[in-house]
Amino acid sequence: MRKMAKTGYHFNPETLSYDKINTSFKKKMSKLCVKVFQTLSLALIIFFTVSAVIDSPKEKALKREKEELLAQYQLLDNQINRLDDILKNLENRDDNLYRVIFESEPIDASIRRAGSGGVDKYEALKNMEDADIVINTSKKLDELTKAIYIQSKSYDEIEMLAKNKMDMLASIPAILPVSMNDPSVRFSSSFGYRIHPIYKTKKLHAGMDFSGPVGTPVYATGDGKVVYAETHKGYGKCILIDHGFNYQTQYAHLDSYNVKKGQKVKRGDIIGYMGNTGQSTGPHVHYEVKKNGVAVDPINYYFNDLSADEYDQLVAEANNNGQSMD
């Protein structure tokens, strides 16, 4: 059965009857356009509404990438903080242990933790999404890099200080100039004002005397270089060793030499032999320690040789001695 098109009517008050509505093609097209426009508008509204609420696969992928990137930044930030804690511990030990041992000033905190770069260094990052976390992490990384560099340079300095310290410990006079294991060798006069054996007047005795048979070996008390091995008035045959670090030692009244001028010696090397030359009242060696050119008490420089009891005994003997041998 053929379906008939719908026909419109309207009431005519003049004829009191319904007249058929004749619609022109133009009006039909106009109505069609309106309906199409309305349909498209509704479709667009639905599309944008759905798009605002539901992400497309591409948007979902981008959001996942962004979340992963932010998570990586957070992990990096945590790692930087852990490394910074480790570095601070190293800096603390450097300043309060290593530099104390080697008698060096600690590095100022303003140098260790100085800012990095100028004001505009992070300007390019400000336009990025999540700029705060990117800039903050970049700053921390730059500061950590600089602090690590400073700590590395500090360890280079500590290494040099350690080497110098070892050289100094090997060079500072630290043993007796003769062996006290030899029963014929004895301590005979201490440092200080003593009665001079020849002039019989009170005079500063600038060293310590050790007596024994002529030919008893005399040892270098620290590493150094022989300044001279020659005869000096009053001291007879004597040797002067420069140990560096402002220390020198002198050995007088020797019978003979075992070294010559300019020769390098090690602690414990035999440098000469005990004698009775110069102004001496008997075979002995007069031993002096000089620091910054001034004679100091040698008794304070036997720490490699004497135990605490032996040191106390030597001090007691030194205090009871009233006359020198030269």
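Analyst: Start with Lys 88 and Asp 84, whose side chains meet in a salt bridge at 3.3 Å, N to O. A salt bridge here is a side-chain nitrogen of Lys or Arg within 4 Å of a carboxyl oxygen of Asp or Glu. The model is predicted, so local features need pLDDT of at least 70 and side-chain atom pairs count only at pLDDT 80 or more, while totals for chains, interfaces and linings use all residues. Residues are numbered from 1 along each chain as its sequence is written, and side-chain values use heavy atoms, with hydrogens and water left out.

Why are Lys 88 and Asp 84 separated by about one helical turn? They are 4 residues apart in helix α2 (residues 57-101). Helices (H or I, at least four residues) and strands (E, at least two) are DSSP runs, numbered from the N terminus. Buried means under 20% relative accessible area, exposed over 50%, and partly exposed in between (1.4 Å probe, protein chains only).

Next comes Arg 112 with Asp 95. Their side chains form a salt bridge at 3.0 Å, N to O. Arg 112 lies in helix α3 (residues 109-112) and Asp 95 in helix α2, so this pair ties together parts that are 17 residues apart in sequence. Arg 112 and Asp 95 are both buried. They also belong to a network of salt bridges that links Asp 94, Asp 95, Arg 99, Arg 112 and Glu 157.

Helix α4 (residues 131-171) holds another pair, Lys 163 and Asp 167, 4 residues apart, or about one turn of the helix. Their closest N and O atoms are 3.4 Å apart. Lys 163 is partly exposed at 46% relative accessible area. Asp 167 is partly exposed too, at 32%. By the stated rule, the count comes to 8 salt bridges.

Now the nonpolar side. Met 29, Leu 32, Val 36 and Leu 40 make a nonpolar surface patch of about 350 Å². Patches are made of residues with over 30% relative accessible area and no salt bridge; like charges are joined within 9 Å, nonpolar side chains (Val, Leu, Ile, Met, Phe, Trp, Tyr) within 5 Å. Areas come from the Shrake-Rupley method with a 1.4 Å probe, and for residues only the protein chains shown count as cover.

The largest nonpolar core has 27 residues, of which Tyr 251, Ile 271 and Tyr 302 touch the most other members. The elements giving two or more residues to this core are β6 (208-211), β9, β10, β12 (270-274) and β13 (284-291). A nonpolar core is a set of buried Ala, Val, Leu, Ile, Met, Phe, Trp, Tyr and Cys residues joined through side-chain atoms within 4.5 Å. Leaving aside neighbours within four places in sequence, the contacts of Ile 271 include Val 218, Ile 239, Tyr 251 and Val 265. Contact means heavy atoms within 4.5 Å.

Two backbone angles deserve a check. Most residues other than glycine have a negative phi. Phe 245 has a positive phi, near 55 degrees, and sits in the loop between β9 (236-244) and β10 (247-257). Phe 245 is partly exposed, at 35% relative accessibility. His 253 has a phi near 65 degrees, also positive. His 253 lies in strand β10 and is buried, at 0%.

Then the strand β14 (residues 294-296), which holds Val 296. Val 296 is partly exposed at 22% relative accessibility. Its C-alpha atom is separated by 9.3 Å from that of Gly 192, 104 residues away along the chain. Not counting residues up to four places away in sequence, Val 296 touches Phe 191, Val 289, Lys 291 and Tyr 301.

Last, the chain as a whole. The protein chain has 5 helices and 14 strands. Of its 326 residues, 30% count as buried. Among contacts between residues at least 6 apart in sequence, 64% join residues at least 24 apart. The accessible surface comes to about 21200 Å², with 57% of it belonging to carbon and sulfur atoms.
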